[in-house]
Amino acid sequence: MGKIREAKRAIMLKNWKEEVEAQVSSGLSVSEWCHANNIAPKNYYYHLRKVREFFLEFSEQPEERQEIIYNNDYSNILSYWYGAKNKD
């Protein structure tokens, strides 16, 4: 995957993680929240799956990398993403 494509993926994942957190903290059902935010539920669930896959992939990474991801320190997410991919 090229650097631009990886950057777009990292940004998309960060944005959708925030959207998922907003839905959960809203107290609304997914359907209600999607309707209020003009997002198709199908689109929401697609991106939810992508965010989950990303976190599952990182759960297999060293503990310090997991800590940065799970503590929402996304300022360096791209460099950690590249680091994880370059070690494979």
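A salt bridge is taken here as a side-chain nitrogen of Lys or Arg within 4 Å of a carboxyl oxygen of Asp or Glu. The model is a predicted one, in which local features need pLDDT of at least 70 and side-chain atom pairs count only at pLDDT 80 or more, whereas totals for chains, interfaces and linings use all residues. Residues are numbered from 1 along each chain as its sequence is written, and side-chain values use heavy atoms, with hydrogens and water left out.

**Overall architecture**

The protein chain contains five helices and zero strands, where helices (H or I, at least four residues) and strands (E, at least two) are DSSP runs numbered from the N terminus. Read along the sequence, the pattern is therefore α-α-α-α-α. Of the 88 residues in the protein chain, 31% are buried; buried means under 20% relative accessible area, exposed means over 50%, and partly exposed lies in between, with a 1.4 Å probe and protein chains only. The protein chain exposes about 6,000 Å², of which carbon and sulfur atoms supply 51%, the areas coming from the Shrake-Rupley method with a 1.4 Å probe and, for residues, with only the protein chains shown counting as cover. Among the contacts in the protein chain with a separation of 6 or more, 45% are accounted for by residues 24 or more positions apart, a contact meaning heavy atoms within 4.5 Å.

**Helix H1**

Helix H1 covers residues 3-26. The expected span of a helix is 1.5 Å times one less than its number of residues, and for the 24 residues of H1 this should give 34 Å, which agrees with the 34 Å between its end C-alpha atoms. The buried residues in H1 are Glu6, Ala7, Ala10, Leu13, Trp16, Lys17, Val20 and Gln23. Ala22, by contrast, is found in H1 but counts as partly exposed, at 31% relative accessibility. The C-alpha atoms of Ala22 and Trp33, which are eleven residues apart along the chain, are separated by 9.0 Å. H1 is followed by Gly27, whose phi is positive, near 80°.

**Salt bridges**

By the rule given above, the count comes to four salt bridges.

| Pair | N to O distance |
|---|---|
| Glu18 and Lys14 | 2.7 Å |
| Glu21 and Lys17 | 2.2 Å |
| Arg49 and Glu53 | 3.2 Å |

Glu18 and Lys14 are four residues apart in H1, so about one helical turn separates them. Glu18 is partly exposed at 38% relative accessibility, and Lys14 is also partly exposed, at 27%. Glu21 and Lys17 likewise lie in H1, four residues apart, or about one turn of the helix. In this pair, Glu21 counts as partly exposed at 36% relative accessibility, whereas Lys17 is buried, with a relative accessible area of 10%.

The pair Arg49 and Glu53 belongs to helix H3 (residues 41-58), where the two residues are four apart, about one turn of the helix. Arg49 is partly exposed at 41% relative accessibility, and Glu53 is partly exposed with a relative accessible area of 34%. Salt bridges that share partners join Arg49, Lys50 and Glu53 into one network.

Which residues does His47 touch, not counting residues up to four places away in sequence? His47 lies in helix H3 and counts as buried at 12% relative accessibility; with those sequence neighbours left out, His47 touches Met12 and Trp16.

A search of the whole structure finds three aromatic pairs. Tyr44 and Tyr45 form one that is edge-to-face, with 5.5 Å centre to centre and 80° between the planes. Rings of Phe, Tyr and Trp (its six-membered ring) pair if their centres lie within 6.5 Å, and planes under 30 degrees apart count as stacked, over 60 as edge-to-face and the rest as tilted. Tyr44 is buried at 2% relative accessibility, whereas Tyr45 is partly exposed, with a relative accessible area of 45%. Ring pairs link Trp16, Trp33, Tyr44 and Tyr45 into a cluster, and Trp16 is also one of the residues that His47 touches.
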